[in-house]
Amino acid sequence: MTAYLCPMCNQFGNMARSLGKFQTWHQASSMGVSTRGLASKQLPSEAQVVVCGAGIVGNSVAYHLVQNGLTDVLVIDKDTIGSGTSHFSSGTLGLFKPTHTREIIMNSIKLYRQLQAQGFDIGLRECGSLNLAQTHERMIALRRRMAYNAPSGLHCEVVSRAELQKLHPLLFSDDLEGGIWVEEDAVAQPQSICHALATLAQTGGAKYVEHCEMEQILIKDRKVYGMKTNLGTVKCEYFVNSAGMWARDLGLKSNPRVAIPAYPAEHFYAITEPFDVNSNLPCVRDFDSSIYAREFNGGVLVGGFELEAKPAFTDGLGIPKNWKERDTSDWTHFRPLWEKAVHRMPVLGKVPTPHLLSSPDNFTPDGRWVIGEAPEVRNYLVAVGMNGNPLEGGGGIGRAVAEWIIEGEPTQDLLSFSVQRFLDLHNNRQYLQERTKEVVGRHYAIMHPMQCEYNHARKLRCSPLYSVLERYGAVFGTRMAFERPLYFDSSQQHWDKPAQMPPGTFYKPKFFKYMQEEFQACQEGVGIIDMSSFSKILIKSNGPSVLEYLQRLCSNDVNIPVGGIVHTGMQNERGGYENDCILVRQDKYCFFMVSPTSQQTRVFEWMRSHLDSDGSVTLKDLTSMYTVINVVGHKSRQLLSELSNAALNLHSFTYRKVNVGYASNVLVMAFTHTGEPGYCLYIPSEYALHVYDRLMKVGRDYGARNVGMLTQRFMRIEKFIPFWAEDLNSETTPFETGSGYLVKLDKEYFIGKYALTRQKKVGVTKRLVMFSLDEVDPDKDVWAWGGEPIYRNKEFVGTLTSAGYGFTGNKIIGLGFVTKPGLLAQNKKADARTEDEFIITPEWITEPGARYEIDIAGHLTVATPHIYVPTFTAMAIEEKQGKSYRPTVVKSS
């Protein structure tokens, strides 16, 4: 690899500590990667698409647009092409990631291979990587990741200490459990790729204007129509915010403002002088030491994702124009990481002190990219939050955003990266600075499912019951920044410090005994569950238009009597879920909707986008107005009857306003989210403490106990109730999830009707199946937690989308979609010509000769498939509750 020296000092030994004097990692290729002189100095008056930010992501968007025939593209940058956060990074490309992340990174690598094949000198080397484990728990985490990556064709191999040292002779491996070798991982030069993409985009017709600073995004009727810059005004159809660490501030330059929760952290690199390091050595990721290392210009580059990171630019003055000239060599901060690097590669202790610099990059509140159309403004797309490595996601994210613009909707599942997963509160600068301290280190942390909550930036959204639940031993987690009790430590005394979650595990959770107590209360007494975080929206009109509107959006028939409740999906044109909700008809022209917590932003925007322009239907978010308590268990009716001083004889899927204790007008709804008998209480928040107090005090005689969300989750999995964003998303339909009974195809029209009509006629190519893992000992073995591959007769047929413990059967249960192996092997969707061969039926799924296995961290365990709730669960319900009872359940999370 060619050494790229600093032109300002012409030698590594005199390298300045500021980043601005070390930004020449790349050289122009033989095909002219340099973009100097190509950018226009004249701003056009209009363009179909304007991209703000000429880094890797923005240039990738422009490149993919012109490659798809959309050439009326303008890319602007406040400085020059590649001068922002893309100008320096580690240059590592790692595919050993969760599935959706890996797919985007794979698209990036495919793009970079194309660039290299076209003759661009981008320094792409597929040197592979070593992912190290110092502990048994880390090795399980790596084996789990290896298991769900293996079906994609990614070459992963478990290697021993000796094999690690053979692959990388500089490693000290005596204290390691082992590692995973990933052959396809690579390194490349970010700056060269940035300029190559800009060159190709301009060759394809895109225009670039440098030193063009955005002053205002122009909005009309909540839709982009142009922008005002220091060089003039431009009209446009679409706007893409790919402005890196300036993206958040740019989002504030419109009315309405666009919330883009991303904030820069100092991201440190230590670079040694050359000492003849082999350029083909694999990258090293020592997760338990929070460091990574790679060969760099004959030396070694060491970076880290430290447990306590440093938010950048915290003086309240924003990002200065001369940000690259800052002295960022904070050895006090980085030294612990460097010492760990020396331990792992002892040769580093013999080289001169390395050069330390920081290249700040955007990090998001949950460590995932931010992609998609802003909920506040139509045709305003966001592509930011690269979390320390813009090279890794840039190529694939640019493709995804370009295809979204061209097709008018996402062409792949981007739900986990959607900008609509946030609320405006996540955009608070102080919140972001505090969360950034922690989110950086979580990139290398072991993410134990349901046991890895954040510590920073908490207690932001709390129900009125938060303090009293904390005294009862609640251990909280967050969803959409809402504090929700996960479980209750029943050993907690009121005078004790708040209960804390113990260290996580892939085995039986250390707090499992408390969950068993909670389940027992729901079976034999009364379980009290705070579910206030659920999204609540009021939908009304002055005439019949609200019914017409909801009938168009909903696949079920929502023309129910006043006082009735209906469970329905809202589908897209392909029949996939955009929402899974309940609708309560409060008046002739007024409905109250309850949706999953994570849908608060997304579904509100989706529904708003389908409103008629006459304004006859209005939407109002009432999430914070009500405290919601689920009263669960076969004694729940007696308890509520006593509290309301009236017989509570509600038919299934109806509601009534009743007095509970001294509180008036509490909405008591006859359904549950657990599959158990019970009610949902929607309580005006000022009454919440009183109602809860009465439930607990009077409920003592009925065995009342607080119950957390984790117990509720396991109960729902056992009842075969799918979760939003896990089992249900825009790519899954009601017929594929076993909810076809909720679809009324005899309605005149609803969005997705034609797709669902055809699917019902032809059949489905995937089906949600429940699996019981009879061979897994819950007390001794690693549990399935979701994401595990499903094999049928040794062929990969799907993945568990959610999993947990089945209390009734005392076994691990999982839900997952099953598809015929040929379809997955071809990595494609069935079309009209080929779908017949891929149609699956219940008979095929449960064929007596079929052998199903689930890969749990590298161990294949036999699984039994179920199309419906299995016999052992149904019999237990009948035994405890009587054969006449059938709970009414709602799918959401």
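A residue is called buried when its relative accessible area is under 20%, exposed when over 50%, and partly exposed in between, using a 1.4 Å probe and protein chains only. The structure is a predicted model, in which local features need pLDDT of at least 70, side-chain atom pairs count only at pLDDT 80 or more, and totals for chains, interfaces and linings use all residues. Residues are numbered from 1 along each chain as its sequence is written, and side-chain values use heavy atoms, with hydrogens and water left out.

**Overall build**

- The protein chain has 21 helices and 39 strands, where helices (H or I, at least four residues) and strands (E, at least two) are DSSP runs numbered from the N terminus.
- Its radius of gyration is 28 Å, close to the 29 Å that the globule rule gives for 893 residues, so the chain is as compact as a globular protein of that length. The radius is taken over C-alpha atoms, and the rule is 2.2 Å times the number of residues to the power 0.38.
- Along the principal axes, the C-alpha atoms fill a box of roughly 85 × 65 × 60 Å.
- Of the contacts (heavy atoms within 4.5 Å) with a separation of 6 or more, 73% are between residues 24 or more positions apart.

**Surface and charge**

- The chain exposes about 33,900 Å², and carbon and sulfur atoms supply 48% of it; areas come from the Shrake-Rupley method with a 1.4 Å probe, and for residues only the protein chains shown count as cover.
- There are 94 positive and 95 negative side chains, and the centres of the two sets lie 3 Å apart. Lys and Arg count as positive and Asp and Glu as negative, while His and the chain ends are not counted; each charge is placed at NZ of Lys, CZ of Arg, CG of Asp or CD of Glu.

**Annotated domain**

- UniProt, in an unreviewed entry, places "domain: GCVT N-terminal" at residues 465-747; its positions are given in the numbering used here, feature names are shortened, and annotations may be inferred rather than shown by experiment.
- That span is 24% helix and 30% strand, with its end C-alpha atoms 42 Å apart.

**Backbone spots to look at**

- The peptide bond from Asn255 to Pro256 is cis, with omega near 10 degrees, and Pro256 lies in the loop between α6 (247-251) and β12 (263-265).
- Ser290, although not a glycine, has a positive phi of about 65 degrees. Ser290 is in the loop between β14 (283-286) and β15 (291-296) and counts as buried at 6% relative accessibility.
- Phe653 also is not a glycine and has a positive phi, near 60 degrees. Phe653 lies in the loop between α14 (636-644) and β30 (655-660), and its 17% relative accessibility makes it buried.
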